[in-house]
Amino acid sequence: MRPSLTFFVLAILGIGLLYAILWPKFGGGDGARPVATRADINGDIKFALDRFEVDNGNYPKSLQDLVQPPADAKNWHGSYLDSTNLPVDPWGNPYIYEYPGKHNKNGYDLFSAGPDGKPGTDDDICNW
């Protein structure tokens, strides 16, 4: 019995779909790093900063305040991050945090300098 043309078309589409899903993660491409960076900025780190703000009435002066209690924090209930180490972006660079923010006047600026490791360039990944 010969396989039908439909079988071959479906097989090729399936291989293409697998390639599209797995290439960014395992193929050596850099596609997953920006996604992971946005997840850190808008997820874990944001959540930790917001928890600090709820407990203390203001955002921390530095990211270090999330893992070690600052002298002026009266209601510090940390560590606010899962680790005692500050997170680094997927390129191994520290996240850049500014409070009060220059772009978010009523909050904070949090960003990664991106693949080139230089803040203020087009590849930065920011919360604004």
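Predicted model: local features only at pLDDT ≥ 70, side-chain atom pairs only at ≥ 80, totals over all residues.
Q: Which residue does Lys-102 form a salt bridge with?
A: The partner of Lys-102 is Glu-98, and the closest N and O atoms of the two are 3.9 Å apart. Glu-98 counts as partly exposed, its relative accessibility being 24%.

Q: How many salt bridges does the structure hold?
A: There are three salt bridges in the structure. One of them links Asp-50 with Lys-46, where the closest N and O atoms are 2.7 Å apart. Both residues sit in helix H2 and are four residues apart, so about one helical turn separates them. Lys-46 is partly exposed, at 34% relative accessibility.

Q: And what does Asp-72 pair with?
A: Asp-72 forms a salt bridge with Lys-61, with 2.7 Å between the closest N and O atoms. Both Asp-72 and Lys-61 lie in the loop between H2 and S1, so this pair ties together parts that are eleven residues apart in sequence. Asp-72 is partly exposed, with a relative accessible area of 47%, whereas Lys-61 counts as exposed at 60%.

Q: Staying in that loop, is Asp-65 buried or exposed?
A: Asp-65, which lies in the loop between H2 and S1, is buried and yet has no salt bridge. The nearest side chain of opposite charge is that of Lys-61, and it is 6.4 Å away.

Q: Which residues does Asp-65 touch, then?
A: Leaving aside residues up to four places away in sequence, Asp-65 touches Phe-52, Pro-60, Pro-70 and Trp-76.

Q: Switching to the sheet: in what order do the strands run?
A: The open sheet is formed by three strands in the order S1-S2-S3, with antiparallel pairing. Strand S1 (96-98) and strand S3 (125-126) are the edge strands, each pairing on one side only.

Q: How many bridges join S1 and S2?
A: S1 pairs with strand S2, residues 109-112, over three bridges in the antiparallel sense. As an example to find in the structure, the bridge partner of Tyr-97 in S2 is Leu-110.

Q: Where does helix H2 lie relative to those strands?
A: Helix H2, residues 32-56, lies across S1, S2 and S3, and it runs at about 150° to S2.

Conventions
Residues numbered from 1 in each chain as written. Heavy atoms only, no water. Pairing = 2+ DSSP bridges. Helix = DSSP H or I, 4+ residues; strand = E, 2+ residues; numbered from the N terminus. Contact = heavy atoms within 4.5 Å. Axes fitted to C-alpha atoms, helices over the stretch in contact; angles between N-to-C directions. Buried < 20%, exposed > 50% of the residue type's maximum accessible area, 1.4 Å probe, protein only. Lys, Arg positive; Asp, Glu negative; His and termini not counted. Salt bridge = Lys/Arg side-chain N within 4 Å of Asp/Glu carboxyl O.
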